[in-house]
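I opened a notebook page for this chain and wrote down what I looked up, entry by entry.

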Amino acid sequence: MKALVYTAPDEVIYRDEPAPALDDGEVVLKIEAVGICGSDMHAYHGHDPRRVPPMILGHEFCGTIVEGPGRGRRTTGNPLIACGVCEFCAQAATTCARTGRWSG
Ligand SMILES: [Zn+2]
C-alpha cells in the first residue's frame, strides 16, 4: 500500500509500504481524508524525539474499512491506543493511561 513516510527531518517520501498484519478486531482503512495538525508539523521538522524516522505520521483520518470486521463501513480512528487495564482506563480517562501510546 502507498504511504507518505517521514524519512528524515523536513523530508517525506510517498512510497510503497508492506500491508499490515492484522490482529483480531483490527481493520484496514482505505483512507479518504486526513488532517495535518501542529504536532505532525513539529515531528516533520524533527522536533519530536518520540517520532523517530522512518515512520508514517498522521493521526487524524477517516476512510472505509476494506479488511476486517465492519467491512464497507465508513469510519474514523482514535489515535490513542490505551492499555485498557489501569485505573485511568477503568474510569474512562484513557488519555491518562499508564501505558498508552499514539498512532502516527
Ligand atoms: Zn490504562
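**Entry 1: cover over β2.** How many of the 6 residues of β2 count as buried? I looked this up and found a count of 0, so to be read with the cut-off that a buried residue has 20 or more other C-beta atoms within 10 Å of its own. I noted β2 as hardly covered.

**Entry 2: confidence.** I am working with a predicted model. I read a mean pLDDT of 91 for the protein chain, with 100% of its residues at 70 or more. Where is confidence lowest in the protein chain, and where is it highest? I found the lowest in strand β8 (residues 101–102), at a mean of 78. The highest is in β2, at 97.

Entry 3: I traced an open sheet of 3 strands in the order β2-β1-β4, with antiparallel pairing. Its edge strands are β2 (11–16) and β4 (55–56), each of which pairs on one side only. I then went through the pairings one by one.

- β1 (residues 2–8) runs antiparallel to β2, and 6 bridges join them.
- I found Ala3 opposite Arg15 in β2.
- Val5 has Ile13 as its bridge partner in β2.
- Ala8 stands opposite Glu11 in β2.
- β1 is also antiparallel to β4, to which it is joined by 2 bridges.
- On that side, the bridge partner I noted for Tyr6 is Met55 in β4.

**Entry 4: the turn between β1 and β2.** Which residue in the hairpin of β1 and β2 takes a positive phi? I found that Asp10 does, with a value near 65 degrees. The hairpin has 2 residues between the strands.

**Entry 5: the sheet with β3.** I traced another open sheet of 3 strands, ordered β3-β5-β6 and paired antiparallel. Its edge strands are β3 (28–34) and β6 (74–76), and each pairs on one side only. I read an average twist of 40 degrees from one strand to the next in this sheet. Strand β5 (residues 61–67) runs antiparallel to β6, with 3 bridges joining the two. I noted Thr75 in β6 as the bridge partner of Gly63.

**Entry 6: the chain as a whole.** I counted out the elements last. The protein chain has 2 helices and 8 strands. Along the sequence, I read the pattern as β-β-β-α-β-β-β-β-α-β. The C-alpha atoms fill a box of roughly 40 × 35 × 20 Å along the principal axes.

What share of the contacts with a separation of 6 or more comes from residues 24 or more positions apart? I found 47% for the protein chain.

Definitions and conventions:
Residues are numbered from 1 along each chain as its sequence is written. This is a predicted model: local features need pLDDT of at least 70, side-chain atom pairs count only at pLDDT 80 or more; totals for chains, interfaces and linings use all residues. Two strands pair if DSSP finds at least two bridges between them. Helices (H or I, at least four residues) and strands (E, at least two) are DSSP runs, numbered from the N terminus. Axes are lines fitted to C-alpha atoms, for helices over the stretch in contact, and angles run from 0 to 180 degrees between N-to-C directions. Two residues are in contact if their C-beta atoms, placed from the backbone, lie within 7 Å. pLDDT is the predictor's confidence in each residue, from 0 to 100. A residue is buried if 20 or more other C-beta atoms lie within 10 Å of its own, exposed if 12 or fewer, and partly exposed in between; C-beta atoms are placed from the backbone.
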